[in-house]
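Trainee: Please take me through this one by question and answer. I'd like the cut-offs spelled out as we go.

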Amino acid sequence: AIDTVGFTQGITLTGSQGGTISVTNGNLNVNKTVQTSASSAPLTLSAAGNSLTVADSANVTTNNGALTITAANLTTTGTTSIASGTGSLTLTADTMSFSPTTSVTGTSGLTVQPYSASGNIALGGGTGSGLNLARDLFTLTEGTPVFNGAFSSYTIGRVNGSGTLTIDGTVSFAAPLTLRSPSGGTVLLAATGNLDNTTTNKNITIQAATFKTASNVDVPESL
């Protein structure tokens, strides 16, 4: 069996249909640049159920096409770039670890979600169980955060999510935000949580069976 698949040279997918690079029974090590050249051509990288690493100096980019990266565990090391231009960007993994010099950019919507539908998410503090998304990924008082594109929207959680999404730290978003775990899941604002949106209408949408505050009071989904 093959444990890990890597590349000896960069890959450019030239067709208008883009392409998919998928490893089904092993890890995927993106150690060279992988990109599409045709306008709006999509790109998918997948190591379903296993680990996917974007290594130092490797770039994963599309020419304004949708970019999807899926794995059980997603890691970046060193100085890397993940960029979708005007295409949507979806990152899916139960654990994510980003090098502070990783750049994740785009101007369409960014979706960050667990690999498992029942996976939990900790947003802001990044110290809870499940997928930990620390505030420094989205917001920095100095310097540039990892998710540093002018994304048009942020979506945290799966469309079929059933786990708990806990806001356990201070985090701010500069575009409309959706927090979702709609298939029986919970969104919890912990005592340490502070969620802000700097858009004019403070655009935050919660999609969950239950929304709880730190005092453990259930709030109907419609609110």
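Mentor: One rule before anything else: rings of Phe, Tyr and Trp (its six-membered ring) pair if their centres lie within 6.5 Å, with planes under 30 degrees apart called stacked, over 60 edge-to-face and the rest tilted. Keep in mind that this is a predicted model, where local features need pLDDT of at least 70 and side-chain atom pairs count only at pLDDT 80 or more, while totals for chains, interfaces and linings use all residues. Residues are numbered from 1 along each chain as its sequence is written, and side-chain values use heavy atoms, with hydrogens and water left out.

Trainee: How many aromatic pairs does this rule give?

Mentor: A pair of aromatic rings is described by the distance of the centres and the angle of the planes. Apply the rule here and the number of aromatic pairs comes to six.

Trainee: Which kind of pair do F138 and Y154 form?

Mentor: Their ring centres are 6.1 Å apart. The planes of F138 and Y154 stand at 75°, so the pair is edge-to-face.

Trainee: Where in the chain do the two partners sit, and how many residues apart are they?

Mentor: Strands here are DSSP runs (E, at least two residues), numbered from the N terminus. F138 lies in the loop between strand 15 (131-134) and strand 16 (153-156). Y154 is in strand 16, and the pair links distant parts of the chain, 16 residues apart.

Trainee: Which residues make up the cluster linked by ring pairs?

Mentor: F138 and Y154 both belong to it.

Trainee: Is F138 buried or exposed?

Mentor: Buried means under 20% relative accessible area, exposed over 50%, and partly exposed in between (1.4 Å probe, protein chains only). The relative accessible area of F138 is 8%, so F138 is buried.

Trainee: What does F138 touch?

Mentor: Contact means heavy atoms within 4.5 Å. Residues up to four places away in sequence aren't counted. That leaves F138 touching L123, L133, P145, F147, Y154, I156, V171, S172 and F173.

Trainee: Which residues have the most contacts inside the largest nonpolar core?

Mentor: A nonpolar core is a set of buried Ala, Val, Leu, Ile, Met, Phe, Trp, Tyr and Cys residues joined through side-chain atoms within 4.5 Å. The largest one has 47 residues, and those with the most contacts inside it are L52, L133, F138 and F147.

Trainee: Now strand 18: which residues are on its covered face?

Mentor: Strand 18 spans residues 170-173, and its uncovered face has T170 and S172. T170 is partly exposed at 40% relative accessibility, and among its contacts is R135. The covered face has V171 and F173.

Trainee: What is the bridge partner of F173 in strand 20?

Mentor: Two strands pair if DSSP finds at least two bridges between them. Strand 18 and strand 20 (residues 194-197) run parallel and are joined by four. In strand 20, the partner of F173 is N197.

Trainee: Which strands stand at the edges of the open five-stranded sheet?

Mentor: The sheet has the order 2-5-7-9-12 with parallel pairing. Each edge strand has a single partner, so one side of each is left without a neighbour in the sheet. Those edge strands are strand 2 (11-13) and strand 12 (103-105).

Trainee: And what stands opposite V34 in strand 7?

Mentor: Strand 5 (residues 34-36) and strand 7 (residues 59-61) pair in the parallel sense over two bridges. Opposite V34 is V60.

Trainee: Which residue forms a salt bridge with R135?

Mentor: A salt bridge is a side-chain nitrogen of Lys or Arg within 4 Å of a carboxyl oxygen of Asp or Glu. A search of the whole structure finds one. The closest N and O atoms are 3.4 Å apart, and the partner of R135 is D136.

Trainee: What is the phi of S57, roughly?

Mentor: Most residues other than glycine have a negative phi. S57 sits in the loop between strand 6 and strand 7 and counts as exposed at 54% relative accessibility. Although S57 is not a glycine, its phi is positive, at about 75°.

Trainee: And the phi of N64?

Mentor: N64 is in the loop between strand 7 and strand 8 (67-76), and at 30% relative accessibility N64 counts as partly exposed. N64 isn't a glycine, yet its phi is positive too, at about 70°.
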